[in-house]
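Visitor: Please take a close look at the aromatic side chains in this structure and the surroundings of their rings.

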Amino acid sequence: TLQAIREDSYKALVEGEDDDEIVTVRLSSFRETTTSSPCFWYSSSNVRRDRQKSNNSPDFISVNSHPLDMAMTLRQQYKWVGRVVCVMDVASWGPGGTLVPQPRDSSQEQFFLRTSIAQAIEKASAELTAGISSMRDNLMDANEPYVLYCRDVIVFRGDAESGYEFLAEPEVIDVVVTAPVCVRPPIRFGAMGEEWYQEEIHQA
């Protein structure tokens, strides 16, 4: 995966009626821009809050599938041409609060294994002040946590059932990278045995 990102291309197998064909897929040809995926940091300081409830809120559907699998279903099965936004919830960190390409968390690992998110993460990390701020510091700040919005992330590998095959026709999605302020917040129990987070800041 990382080699394909560095070289901006990879080989994919296309099955034909008579013969199979090996094609070269160039990642940059699927982006709106020829450079790496644009990234934007958002927090309460640079996002306008609209307190009025909108009548045009998007539909919300909860499914027991990985976000990348649902994104591919929307693109390929339902032919959705609008933007598809997936949320990558960070649970594992590398040394110094970095995001690692091979984390232990399986859901997080799917993004690094199947998409070009590593390139976007690298670009966003380079914009942070070295030695003062890290990805973990920004995403898990207790007072003003940020989210990282990455556009034009390319899904170019299939799921586990396909053996993570390289796709002849990749799909483009957007990814919001976020992390909980506290990975394992302390729990308190109510009078009826119900469970609540001990700190009010963790309730949301």
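**Aromatic pairs**

Guide: The count comes to five aromatic pairs, where rings of Phe, Tyr and Trp (its six-membered ring) pair if their centres lie within 6.5 Å, with planes under 30 degrees apart counted as stacked, over 60 as edge-to-face and the rest as tilted. One of them joins Tyr 42 and Tyr 149, a tilted pair with 6.4 Å centre to centre and 50° between the planes. The two lie 107 residues apart, Tyr 42 in strand β3 (residues 39-42) and Tyr 149 in strand β5 (residues 147-157); strands (E, at least two residues) and helices (H or I, at least four) are DSSP runs numbered from the N terminus.

This is a predicted model, in which local features need pLDDT of at least 70 and side-chain atom pairs count only at pLDDT 80 or more, while totals for chains, interfaces and linings use all residues. Residues are numbered from 1 along each chain as its sequence is written, and side-chain values use heavy atoms, with hydrogens and water left out.

Tyr 149 is buried, at 18% relative accessibility, whereas Tyr 42 is partly exposed at 32%; buried means under 20% relative accessible area, exposed over 50% and partly exposed in between (1.4 Å probe, protein chains only).

Elsewhere, Tyr 10, Phe 156 and Phe 166 form one aromatic cluster. Over the ring of Phe 166 sits the charged end of Arg 157, 4.3 Å from the ring centre (the criterion is NZ of Lys or CZ of Arg within 6 Å of the centre and within 35 degrees of the ring normal).
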